[in-house]
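Have the picture ready and follow along as we go.

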Amino acid sequence: MAESYTKEEINEFREAFALYNSKRDGKLLPSEVGNVMRACGKCPSESQVQDIIKEFGWQTGCDFKSFLMMMERYVGRAVQTEESIREAFAVFDKRKTGFVDVQEIRHVLAVLGEKMSKEELDRFIKAADDTGKGKINYAAFAKKIAPEIRG
C-alpha cells in the first residue's frame, strides 16, 4: 500500500484524515473528502472531488486505506486552477468573508503542507498578504498565482 509515499507523508495524510473525520469513526463523510485532499496538499475542484467520490463508491464515506489508495492513484491528477486554489483557501474561511487569517494559513502550511523553510513560508505569506494586514484575500491571491501554476 502507498508505495509512492514516504512514511512521513503517510503520517501527514493520516493526521489530516483524523483532523477532518468529524464522527471520529475512522471513516470520512463524502463532504469531508475534498477538505482532507486539500489539507494533504492537493487542490481538486469540487467537481473533481465529486467524480472521485462517485468513482470509488464513497457515497457513504471512506476509510483511511481506501483514501490513501486514491491519493496514490491520483497524484498530480487534481489540476491547480484559480477555482481549485480559491476552494482550498475557502476551507479555512469559516465565516465566508473572502479572507483567511495569515496566522492560521501559516500554521496549516507548517504542520500539514509540504515542508517549507521559514524563509519560503515567509515569502509565501508576504505574497499572499500583500497589504500586510494579516488577512489574505484568497480570490485575489488565486487569480494572481493561477497563471504561474499553469505556465
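A residue is called buried when its relative accessible area is under 20%, and exposed when that value is over 50%. Keep in mind that what you're looking at is a predicted model.

Next, the inside. In soluble globular proteins, nonpolar side chains tend to be buried together. Here, the largest nonpolar core has 40 residues, and Phe67 and Ile136 are the ones with the most contacts inside it. Helices H1, H2, H3, H4, H5, H6, H7 and H8 each supply at least two residues of this core.

What does Phe67 touch, leaving aside its neighbours within four places in sequence? Its contacts are Phe17, Leu28, Val33, Val36, Met37, Cys40, Trp58 and Cys62. Two of those names are cysteines, and both are hidden away: Cys40 counts as buried at 10% relative accessibility, and Cys62 is buried too, with a relative accessible area of 2%. As for disulfides, the structure holds zero.

You'll find Trp58 in the loop between H3 and strand E2, yet at 4% relative accessibility it counts as buried. Setting aside neighbours within four places in sequence, Trp58 is in contact with Pro30, Val33, Ile52, Ile53, Ser66, Phe67 and Met70. The C-alpha atoms of Trp58 and Leu29 are 8.2 Å apart, although 29 residues separate the two along the chain.

Finally, the rings. A search of the whole structure turns up six aromatic pairs. One of them joins Phe17 and Phe64, with ring centres 5.4 Å apart and planes at 85°, so the pair is edge-to-face. This pair links distant parts of the chain, since Phe17 belongs to helix H1 and Phe64 to helix H4, 47 residues apart. Both Phe17 and Phe64 are buried.

Phe89 and Phe141 make an edge-to-face pair as well, at 5.8 Å centre to centre and 90° between the planes. Again distant parts of the chain are linked: Phe89 is in helix H5 and Phe141 in helix H8, 52 residues apart.

Terms used: Residues are numbered from 1 along each chain as its sequence is written. This is a predicted model: local features need pLDDT of at least 70, side-chain atom pairs count only at pLDDT 80 or more; totals for chains, interfaces and linings use all residues. Side-chain values use heavy atoms; hydrogens and water are left out. A nonpolar core is a set of buried Ala, Val, Leu, Ile, Met, Phe, Trp, Tyr and Cys residues joined through side-chain atoms within 4.5 Å. Buried means under 20% relative accessible area, exposed over 50%, partly exposed in between (1.4 Å probe, protein chains only). Helices (H or I, at least four residues) and strands (E, at least two) are DSSP runs, numbered from the N terminus. Contact means heavy atoms within 4.5 Å. A disulfide is a pair of cysteine sulfur atoms within 2.5 Å. Rings of Phe, Tyr and Trp (its six-membered ring) pair if their centres lie within 6.5 Å; planes under 30 degrees apart count as stacked, over 60 as edge-to-face and the rest as tilted.
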